[in-house]
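Here's a quick briefing to read with the model open beside you. Have a look at the sequence and the fold, then come back for the tour.

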Amino acid sequence: MALRAAFRGRAGLPGLLSCSGHGRPSPSLTTQRNNSSSPKIKVDYDQTTGVAVMHMQSPPVNSLSLDFLTELCIGVEKLEMDKGCRGLIITSSQPKVFSAGLDILEMYGKSPERCGEFWKAVQEMWLKLYGSNMTTIAAINGSSPAGGCLMSLTCDYRIMADNPRYSIGLNETQLGIVAPFWFKDTMVNTVGHRNTELALQLGLLYKPAEALKIGLVDQLVPEDQVLAVAAQTMTKWLTIPEHARQITKSMMRKPTLDKLRSNREADIQNFVSFITKDSIQKSLRMYMEMLKQKKA
Ligand code: CO8
């Protein structure tokens, strides 16, 4: 019988941005979007199969806010500790979007302390997912830029909806920001050095067919079959002897994980000093305004 567990996250955060003095938030961008206390993650865990499906359900675009990341990490940790849980499928409940990546409002007009706290949570998400003992599959049923792409890259296998309106990639340079070394390393480990060089410098967002071609995703399926194919694929992966698969996964990923583990504090300091620069704050504001104008 499926056991549904909705893990609740942190208490609500302040509703307004605190201005750091580095780039004052423009009035139109000062609303904290994800301040709802409703769960941002829903976990359906089937104890008979040992497979959990994690649905991201943070409207409108599953952006990775501090609350969202905290809830996600708690959810992953609980599953990881349950020795009966062997597989995790990550998908989105939002139409058209897997995840829009890091919540830009978390990086705009915030104090250095708050930026540091946010970045630590981003690191934690990556360490937990990339280092997970479970078999992990991303069921990518919508667009997945930047941090959304990173999240899917942490998984062992990626299945994407074959819809040319969707795209996936590490597009950070298009926002005027730089993907950190561990984003880059995860991408290199997946698509190789040359593809990463092109993808990261140009901030490329790939249509599903292009993503499949460079190995950024492993399989394309019709949109309404993404979750079903992920479940079938998981069943196949779970036939492999668990201990051997886990050791192999760890052998492949440990050097990359260790690089961040031994540099966490310096990486936080780098992020904070970079993101709070006036010029970077200006780029983020312009990007957010561009997103809003695109809608109008
Ligand atoms: N953060 C916060 N708000 C967002 C984000 C985001 N990442 N993405 C979209 N939104 C907001 C939009 O502004 C819009 O707000 P409103 O309703 O108030 O106007 C709302 O969400 C809906 O957005 P759209 O209308 O654009 O929705 P669509 O369904 O048309 O498109 C997309 C969905 C494709 C996801 C589109 O919104 C998009 O492209 N978003 C931007 C994605 C992006 O570029 N993310 C990058 C984030 S940075 C990151 O993840 C890594 C940073 C590494 C940092 C390194 C520094 C050192």
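How much space lies in the largest pocket? About 1,400 Å³. Keep in mind that this is a predicted model, where local features need pLDDT of at least 70, side-chain atom pairs count only at pLDDT 80 or more, and totals for chains, interfaces and linings use all residues. Residues are numbered from 1 along each chain as its sequence is written, and side-chain values use heavy atoms, with hydrogens and water left out.

**The overall picture**
- The protein has 10 helices and nine strands; these are DSSP runs numbered from the N terminus, with helices being H or I of at least four residues and strands E of at least two.
- Of its 296 residues, 52% count as buried (buried is under 20% relative accessible area, exposed over 50%, partly exposed in between, with a 1.4 Å probe and protein chains only).
- Take the contacts (heavy atoms within 4.5 Å) between residues at least 6 apart in sequence: 78% of them join residues at least 24 apart.

**The largest pocket**
- Rolling a probe the size of a water molecule over the atoms shows where empty space is left.
- A pocket here is an open set of points on a 1 Å grid over the protein atoms alone, where a 1.4 Å probe fits, with protein on both sides within 12 Å along at least five of seven lines; lining residues have an atom within 4 Å of a point.
- For volumes, grid points are joined across faces, edges and corners, and the space filled by probe spheres set on the points is what counts.
- The lining runs to 44 residues, and Ala-100, Ile-104, Pro-145, Tyr-287 and Leu-291 lie nearest the centre.
- Helices α4 (181-191), α9 and α10 each give at least two lining residues, and α10 provides the largest share, with seven.
- By class, the lining splits into 28 nonpolar, seven polar and nine charged residues (nonpolar is Ala, Val, Leu, Ile, Met, Phe, Trp, Tyr, Cys and Pro; charged is Asp, Glu, Lys and Arg; the others, Gly among them, are polar).

**Helix α10**

- Met-151 lies in helix α3 (147-153) and is buried at 0% relative accessibility.
- Beyond neighbours within four places in sequence, Met-151 contacts Met-56, Leu-64, Phe-68, Leu-72, Ile-90, Phe-98, Met-125 and Leu-129.
- Thr-196, in helix α5 (193-202), is buried with a relative accessible area of 3%.
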